[in-house]
Amino acid sequence: MAIMDADYLVIGGCGFLGQHLCERLLERGYSVRVFDIRKTFENEKITFIIGDLCKKEDLMAAIQGVSCVFHCASPSPLSNNRELFHKVNVEGTKLLIQLCKWAGVQRLVLTSSASVVYEGKDIKGGHEDLPYAAQPIDAYTETKIMQEQIVLAANTKDFYTCAVRPHGIFGPRDPHLLPTAVDLARRGKFKFIIGDGKNLVDFTYIDNVVHGHILASENLGGGSVVCGKAYNITNDEPIYFWTFMTQIVTGMGYDAPKYHLPYLLVYFIAVFLMLISRLLSPFCHFIPSFTPMKVALAGTHHFYLCDRAKKDMKYKPLVSLDDGIRKTIESFERLKNGGEGDS
C-alpha cells in the first residue's frame with residue numbers, strides 16, 4: 001500500500017512526548033506520520049509505521065515523502081542498559097541522518113535533554129553554552145551528549161538541524177514521574193526528603209515542551225539562526241524539587257514527605273549500590289531502586305535559562321506551572337488515594 005506524503009514524521013511518536021506532539025501538529029493542520037517500535041494508541045488521521053530505528057529497511061519505508069522529522073525516540077533512562085542506549089541514541093541517530101539526506105528531508109529536530117551539561121553538581125540558571133558534561137553520571141546522559149553532537153554537526157546549507165533540551169517533563173499520560181511518586185507513596189516509601197529540600201529545579205509541562213518543538217521546526221530553514229543550535233525549553237518557573245513533589249503527592253491524596261536525610265550519605269549509598277550491581281552483572285540482573293543520577297536530581301539545584309529560545313523562536317510557556325500541576329493531577333484521578341486504581 002502506498003504511503004501518502006506527510007509534513008512531519010515523528011520518530012518515537014507512540015511515547016509520552018510523541019503522542020502529545022502528534023496531537024498538537026494535527027491541531028495546527030499538519031499531516032503526520034509516526035514511526036515507532038510498537039503502536040500504543042489509535043488515531044485515524046495518523047499513518048503508523050511499526051519498525052526498528054536501527055534497521056535501515058524499516059526506516060527507509062517511513063522517511064520518504066516527509067519534510068521534517070522529530071527524533072523523540074530513546075530507551076527509558078530507567079533501563080540502565082548501556083548497550084541499548086548506544087545502539088538507539090548513537091547508531092540509530094547516525095542512520096536516521098543518513099537516510100534523511102538520502103530521502104531529501106530538509107529539517108530534523110532532536111529531543112535532547114538539559115542534563116547533557118549536568119554532572120550531579122549545582123546548576124543555577126544554566127545556559128546552552130555550558131560545556132557538555134565531562135563526566136556524565138549515567139550511560140543515558142553520555143549517549144544523549146553524543147547524539148546531540150551528531151545531530152548539530154549534521155546541519156548544512158541543505159539539511160537543517162537543531163536540538164530541543166527540555167527538563168523535568170510532566171503532564172497527562174506521563175508514564176514515569178507521577179505514577180512512580182504515587183506508587184512510592186502508596187507503599188509508604190515517600191516519607192523522606194533528600195537534603196534540606198531547598199534545591200531549585202525545572203519541571204516543564206508537556207504542552208510547553210511540545211510548543212518548543214513545533215517552534216523549532218517552524219523556524220528551521222536557510223539563513224535561520226536556529227540551525228545547528230541547542231535550545232533549553234522549560235516552564236521558566238524554577239521551584240523547590242520537594243515542593244513540587246509534595247504538591248503532586250498531596251494532590252493525589254497522600255501525605256507529604258517530612259523526614260530529612262543527608263544528601264551526601266544517600267548519594268554515596270547510591271554509588272555503592274551501583275558498583276555492586278556492576279560487579280554482580282555477570283551473574284544476575286540487579287538494578288538499584290535509586291541511582292546516583294536520581295539522588296543528584298532530587299538533591300541539587302538544576303534549573304536552566306530559556307532566553308535563547310525566547311529570542312530566536314519567540315518561545316513563551318503556554319501553561320503555567322500551577323495550571324500544569326492541576327491538569328496533571330486531574331488527569332490521573334484513577335490513581336488518587338482511594339480511587340479505582342488504589343488497591
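Here is a walk through this predicted model, from its annotated spans to its cores, surface and charged pairs. Residues count from 1 along each chain as its sequence is written. Local features need pLDDT of at least 70 and side-chain atom pairs count only at pLDDT 80 or more, while totals for chains, interfaces and linings use all residues, and side-chain values use heavy atoms, with hydrogens and water left out.

Let's start with the records. An unreviewed UniProt entry puts "domain: 3-beta hydroxysteroid dehydrogenase/isomerase" at residues 9–262, and such annotations may be inferred rather than shown by experiment. In the model, that span is 36% helix and 21% strand, with its end C-alpha atoms 46 Å apart. Helices (H or I, at least four residues) and strands (E, at least two) are DSSP runs, numbered from the N terminus. UniProt, again in an unreviewed entry, also marks residues 261–280 as "transmembrane region". Here the chain is 90% helix and 5% strand, and the end C-alpha atoms sit 28 Å apart.

Now look inside. A nonpolar core is a set of buried Ala, Val, Leu, Ile, Met, Phe, Trp, Tyr and Cys residues joined through side-chain atoms within 4.5 Å; buried means under 20% relative accessible area, exposed over 50%, and partly exposed in between (1.4 Å probe, protein chains only). The largest such core has 80 residues, and Val10, Phe203, Phe244 and Met245 have the most contacts inside it. Setting aside neighbours within four places in sequence, Phe244 is in contact (heavy atoms within 4.5 Å) with Phe170, Leu177, Phe203, Ile239, Leu321 and Ile325. There's also a second, separate core of 27 residues, with Ala6, Ile63, Ala73 and Val88 among them.

What about charge? Counting a side-chain nitrogen of Lys or Arg within 4 Å of a carboxyl oxygen of Asp or Glu as a salt bridge, the model has 19. One pairs Arg24 with Glu27 at 3.0 Å, N to O. Because these two are three residues apart in helix 1 (residues 16–27), about one helical turn separates them. Arg24 is partly exposed at 22% relative accessibility, whereas Glu27 is exposed at 58%. Both belong to a salt-bridge network that also takes in Glu23, Arg173 and Asp207.

Glu142 and Arg82 make another bridge, their closest N and O atoms 2.9 Å apart. This pair links distant parts of the chain: Glu142 is in helix 4 (residues 139–153) and Arg82 in helix 3 (residues 82–103), 60 residues apart. Glu142 is partly exposed at 32%, and Arg82 is partly exposed at 45%.
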